[in-house]
Amino acid sequence: MHWRAALVAAALGLAVSACQEPVSAAEKTVAAPAAKRVAEEGEGLKTAVFAGGCFWGVEGVFSHVKGVKSAVSGYHGGTKRQAAYKLVSSGITDHAEAVKVTYDPKVIRYDQLLRIFFSVVADPTQINRQGPDVGAHYRSALVPQSREQAAVATAYLRQLRAARLWSKPIVTKMERAQTFYPAESYHQDFMLKNPRHGYIVRWDAPKVKALKAMYPGVYSARFQPD
């Protein structure tokens, strides 16, 4: 069991112990460029799915973005029977921890969400891990929900690779949209409910601070609950 899973279990009063995995330096932010291919998604609310390591932080960042109506932590890539935290965190499923974002494209576009994702949410050069969390379920992936999103994501990945902002190759992949399964209730709005949790303080709160500093125009002080 990874040390984050142990923290969750301890918070729930379960008798488990954390792995002794050393904590590395905090993840760095990168000033990703504005997308050249602007998303045109029309009227009405849209959804987007992102996998970027621990879903607490992914959800926390997008919940502070203007125009986002909800951000739900969950599982994507595996079966319904596999969609349980105990199984997913063991690394034996095909799921990734992911977040389903519902947003108003008239306020925040999909290409802008992509920019935020690569700037402050996930390190696209890490294979099957993010920060201290290791395993394929912590992979970074974009899951387009429409042809327009797929076209925008493809163009943006090409743009980022050409920009060479990272010293290592970008390994974030695009995955075919499958059923998204919401995670257990105690994972939802975790940052809002547990602001002093050690993992939140160490790894996720800095991402929200970076969002505010780098993109003040889209930052919302209010956490938008799911």
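Where is the place of G53?

Mentor: The model is a predicted one. In it, G53 sits in the loop between strand 1 (46-52) and helix 2 (55-62). With a relative accessibility of 1%, G53 counts as buried, because buried means under 20%. Leaving aside residues up to four places away in sequence, G53 touches E97, Q130, Y138 and R139. G135 is 82 residues from G53 along the chain, and the C-alpha atoms of the two are separated by 9.2 Å.

Helix 2 packs with helix 4 (residues 110-121) at an angle of about 130 degrees, and the axes are 11 Å apart. The two helices are therefore oblique to each other, and their crossing is right-handed. On the helix 2 side the contact is made by V58, V61 and F62, and on the helix 4 side by L113, I116, F117, V120 and V121. By class, this contact has eight nonpolar residues, no polar ones and no charged ones.

Aromatic rings come next. The count of aromatic pairs is nine. In one of them, the ring centres of W56 and Y199 are 5.5 Å apart and the planes stand at 85 degrees, so the pair is edge-to-face. W56 lies in helix 2 and Y199 in helix 7 (residues 198-214), so this pair ties together parts that are 143 residues apart in sequence. W56 counts as buried at 0% relative accessibility, and Y199 counts as buried at 3%. Ring pairs also link F50, F62, Y110, F117, F118 and Y156 into a cluster; F62 and F117 also take part in the contact of helix 2 with helix 4.

How values were computed: Residues numbered from 1 in each chain as written. Predicted model: local features only at pLDDT ≥ 70, side-chain atom pairs only at ≥ 80, totals over all residues. Heavy atoms only, no water. Helix = DSSP H or I, 4+ residues; strand = E, 2+ residues; numbered from the N terminus. Buried < 20%, exposed > 50% of the residue type's maximum accessible area, 1.4 Å probe, protein only. Contact = heavy atoms within 4.5 Å. Axes fitted to C-alpha atoms, helices over the stretch in contact; angles between N-to-C directions. Parallel < 35°, antiparallel > 145°, perpendicular 65-115°, else oblique. Left-handed = near helix turned anticlockwise from the far one by under 90°. Nonpolar A, V, L, I, M, F, W, Y, C, P; charged D, E, K, R; others polar. Phe/Tyr/Trp six-rings, centres within 6.5 Å; stacked < 30°, edge-to-face > 60°.
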